[in-house]
Amino acid sequence: MTTVLISGASVAGPALAYWLQRYGFTPTVVERAPAPRPGGYAVDFRGASMKVLERMGILDAVEAKATRMGAMTYVKESGKVAATTSSEAFSGELEILRGDLVDILYTLTKETTEYLFDDSIVSLDQDADGVDVVFESGLRRRFDLVVGADGLHSNVRRLAFGAESSYIHDLGYYASVCTVENHLGLDHTGQIFNVPGKTVGTYSARDNTEAKALFYFTSSDLTYDRRNVPSQKAIVEEQFKDLGWEVPTLLEGMRTAPDFYFDSISQIKLDSYSRGRIALVGDAGYCASPLSGMGTSLAVVGAYVLAGELHAAGGDHEQAFAAYDVRMKDFVVACQKQAVDGAMWFIPASKWFMKLRNLTFRMMPYLPWRNMIRDMSLKVGNAIELTMYEDLPQRPVAPRR
Ligand SMILES: Cc1cc2nc3c(=O)[nH]c(=O)nc-3n(C[C@H](O)[C@H](O)[C@H](O)COP(=O)(O)OP(=O)(O)OC[C@H]3O[C@@H](n4cnc5c(N)ncnc54)[C@H](O)[C@@H]3O)c2cc1C
């Protein structure tokens, strides 16, 4: 039995564990958090990833927890509507809160996968036959393969590929999201307010019982401690403190929010998603950034392809990882491009472009290309042809060399 250690129990990690155990591999997942992480922002699925959810048998479960968001509204400082965009532009074909998705994936895999919570990998030492792993807890184990599914700031990538600075590409923005009161009484919808270089908004969540506040802003590289939440909240506060509309109330909510996310909007670009017996999946390997709206789709599709290629290669990781690189490349490029193209619309740099965007969105329903946004993002979501790996004849896992 080929043993595979996966670092990260969010989206890509458990999705990969699911497919690996289905093909007869033995997955173990190590997660730094003490339990599956609840809460978080809304994430969505488009195109090929919908087929993967179906093949995993969880499409119904995800649909049952769907946010069912309607159109999003861009508002002026007075709260008056400036423009509206269709739900597909923001929520894809199917949208769910990240924590709900993680819960579904964990429930799906917990009986067949060994989970090690509250731990992290300290060192990876690979040779021709396997990888020796030392954990923070002091545990020492050997695995046939190791996969990093530990996000944008991947620990596995740092250990096996080198410093993050060689692979991370900042797009020039920062994002913050937290849970706040639904003080506007939003009903499955959201409102967004812009000034040049800043986007702030709120959307209802959990059937309108709460809301998320989002703050996006343009900035060159900021120096801050990633573990120091108060200092990150101070950055957001400083950036948005002078704005009108509902911003003071949203900042007030942020100060006492039960959760808080803050990070640069960055992409990960690698020539290959593996080094020897160690590979990367999801944001760790090819983060497209929140502006792409494709990160979750990339994570589940990437997990599907990586496990499928290992299965198809009979466990020969060299062959499988090379095929994984080839299959994912164009999809990753398309998803990352979508983030770069979308940024100027979501965080307009100037007043005149804000006006142009609002005018475009107002006119869109009356134009022949009214479905352009939906069609373009669907095209990106389908920029990969999915192989039906499960129909391949079962081959014995390659003997260890
Ligand atoms: C604000 C925001 C909005 C977004 N909106 C969308 C959207 O609308 N649509 C969309 O498709 N995507 C969206 N995304 C992107 C999406 O959330 C990610 O692409 C997706 O979660 C990637 O999944 P992942 O499993 O690869 O990584 P992550 O979800 O980042 O998970 C990484 C996991 O690894 C764990 N970990 C980290 N370090 C270690 C360690 N040292 N040891 C063990 N475990 C570790 C973490 O605790 C975490 O559980 C958004 C992201 C953000 C931040």
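Two strands are said to pair if DSSP finds at least two bridges between them. Helices (H or I, at least four residues) and strands (E, at least two) are themselves DSSP runs, numbered from the N terminus. With that in hand, look at strands E1 and E2, which pair in the parallel sense over 5 bridges. Within this pairing, valine 4 stands opposite proline 27 of E2.

Before going on, a word about what you are looking at. This is a predicted model, in which local features need pLDDT of at least 70 and side-chain atom pairs count only at pLDDT 80 or more, while totals for chains, interfaces and linings use all residues. Residues are numbered from 1 along each chain as its sequence is written, and side-chain values use heavy atoms, with hydrogens and water left out.

Let us stay with the start of the chain. After H1 comes glycine 24, which has a positive phi near 95 degrees.

Now turn to the ligand. Which residues come nearest to it? Of the 30 residues around the ligand, they are Ser10, Ala12, Glu31, Asp44 and Asp283; a residue is near a molecule if one of its heavy atoms lies within 4 Å of it. This shell divides into 13 nonpolar, 10 polar and 7 charged residues. Here Ala, Val, Leu, Ile, Met, Phe, Trp, Tyr, Cys and Pro count as nonpolar, Asp, Glu, Lys and Arg as charged, and the others, Gly among them, as polar. Strand E2 (26–31), strand E3 (42–45) and helix H10 (295–312) each give the shell at least two residues.

The backbone takes part here too. One oxygen atom of the ligand is 3.1 Å from a polar backbone atom of valine 11, and a nitrogen atom of the ligand is 3.1 Å from a polar backbone atom of arginine 32. At glycine 295, a polar backbone atom is 3.3 Å from a ligand oxygen. Taken alone, the ligand exposes 1000 Å², and the protein buries 91% of that (accessible areas come from the Shrake-Rupley method with a 1.4 Å probe; for residues, only the protein chains shown count as cover).

Next, visit two side chains further along. Asparagine 194 sits in strand E13, residues 190–195. Its side chain makes polar contacts with the side chains of threonine 199 (2.7 Å) and arginine 357 (2.8 Å). A polar contact is a pair of N or O atoms within 3.5 Å; within protein, one must be able to donate a hydrogen and the other to accept it, and residues adjacent in sequence count only if both atoms are side-chain atoms. Glutamine 267, in strand E16 (residues 261–268), counts as buried because its relative accessibility is 1%. Its side chain reaches the backbone oxygen of glutamine 336 at 3.0 Å.

Finally, find two loop residues. Arginine 206, between strands E14 (198–205) and E15 (210–218), has a positive phi near 45 degrees and is not a glycine. Is arginine 206 buried or partly exposed? With a relative accessible area of 35%, arginine 206 is partly exposed. Tryptophan 245, in the loop between helices H7 (229–240) and H8 (247–255), has a positive phi of about 50 degrees, and tryptophan 245 is buried at 12% relative accessible area.

Conventions. Buried < 20%, exposed > 50% of the residue type's maximum accessible area, 1.4 Å probe, protein only.
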